[in-house]
Amino acid sequence: MIEALKNLESEASREAGGAVDSKVLQEIKVKYLGRKGLFASVSARIGEVPPEERRAAGQELNRVKAALEAVFNSRENELKAAPPRRPGSCPDPTMPGTFYALGGLHPLTQVVLDVTRIFSRLGFSVVEGPEVETERANFEALNIPLDHPARDSFDTFYLENGKLLRSQTSTVQIRVMERSKPPIKIIAPGKVFRPDATDATHSFMFHQIEGLCIDTHVSFADLKGVLFAFAREFFGSKTRLRFRPHFFPFTEPSAEIDLYFEKQGWLEILGAGMVHPNVLRAGKIDPEKYSGFAFGMGVERIAMLKYGVEDIRQFFENDVRFLRQF
Ligand code: PHE
């Protein structure tokens, strides 16, 4: 009989646990604890138990009865607290889902990635240089001696330790030349700094992408070919380019390159030229043997032209209403 009670107890708990609502639970309770239920029929067999075991059997009967009542009560409470779904019902797939706001890449990051992807396909690898630089990399080695008036146009922030914040990514030209031998074909994106008053087209910090190609027999025609290929890939196949003579201390000859835009006309987008022999020498490269071209473009500038952004400050204000558009 004790065995039968144990089975009854575990069966009843299992069934109660599976009851999906109070009504079903009530039916199960009647099946076990009702006047003609399973518990009653087991307890009726108390008479068959030998007298010496009867006391223990009686105690077990009481324990199981109390236990079953507790099981049914607690299941009843559970069902009241959280009515489970009816069998056969399932989540409604037409309900709107949970919205998670996704981040995106900053427009300047996107432009850098777009530009570097195009140059990668032209065989350039991407390198980076430090933002805190030496005078030598930012000026001397780029053929800008201390007393040269061109220092003004590349003026920067000077640090107390004698270093400075680079005012152009051309510094990376020097670093790459010093540590590698031609052929060299790299582009170098990064931040630059200039002590400019902030307005719609100026910022004390902005981004440039530098390009450098050095090998035997590199000519100005190669420079033109690469820049035309880039501009037409980036701005569209009908893009028109204009090379305008210019001066940079680190290139000779030098040019500024303008792009033609329907609305604004010709706009300058980058500086370029053939790497000056003094710069090659500073980078420990023999100018009799090697030649090269270099160029530098402003990332904000081309992002503004590509996306029609009118104020450079919008890139740095972190206003999500602006950023979300990209
Ligand atoms: N460093 C120049 C600038 O900041 C751009 C440039 C790079 C020009 C390389 C020529 C060659 O304006």
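In what follows, Ala, Val, Leu, Ile, Met, Phe, Trp, Tyr, Cys and Pro count as nonpolar, Asp, Glu, Lys and Arg as charged, and the others, Gly among them, as polar. By these classes, the shell around the ligand in this predicted model has six nonpolar, seven polar and two charged residues.

**Ligand site**

The ligand is surrounded by 15 residues, and the closest are Gln168, Ser170, Arg194, Gln208 and Glu210.

On its own, the ligand has 320 Å² of accessible area, of which the protein covers 92%. The ligand sits in the largest pocket. Two or more residues of the shell are given by each of the elements β5 (205-215), β8 (265-275) and β9 (291-298). Strand β9 provides the largest share of the shell, with three residues.

**Aromatic pairs**

Across the whole structure, a search finds 16 aromatic pairs. One of them joins Phe119 and Phe230: the ring centres are 5.0 Å apart and the planes stand at 20°, so the pair is stacked, given that planes under 30 degrees apart count as such. Phe119 belongs to helix α5 (residues 107-121) and Phe230 to helix α8 (residues 220-235); the pair therefore ties together parts that are 111 residues apart in sequence.

Methods
Residues are numbered from 1 along each chain as its sequence is written. This is a predicted model: local features need pLDDT of at least 70, side-chain atom pairs count only at pLDDT 80 or more; totals for chains, interfaces and linings use all residues. Side-chain values use heavy atoms; hydrogens and water are left out. A residue is near a molecule or strand if one of its heavy atoms lies within 4 Å of it. Accessible areas come from the Shrake-Rupley method with a 1.4 Å probe; for residues, only the protein chains shown count as cover. On a 1 Å grid over the protein atoms alone, a cavity is a set of points where a 1.4 Å probe fits but cannot get out, and a pocket is an open set with protein on both sides within 12 Å along at least five of seven lines; lining residues have an atom within 4 Å of a point. A molecule sits in a cavity or pocket if more than half of its atoms lie within 2 Å of its grid points. Helices (H or I, at least four residues) and strands (E, at least two) are DSSP runs, numbered from the N terminus. Rings of Phe, Tyr and Trp (its six-membered ring) pair if their centres lie within 6.5 Å; planes under 30 degrees apart count as stacked, over 60 as edge-to-face and the rest as tilted.
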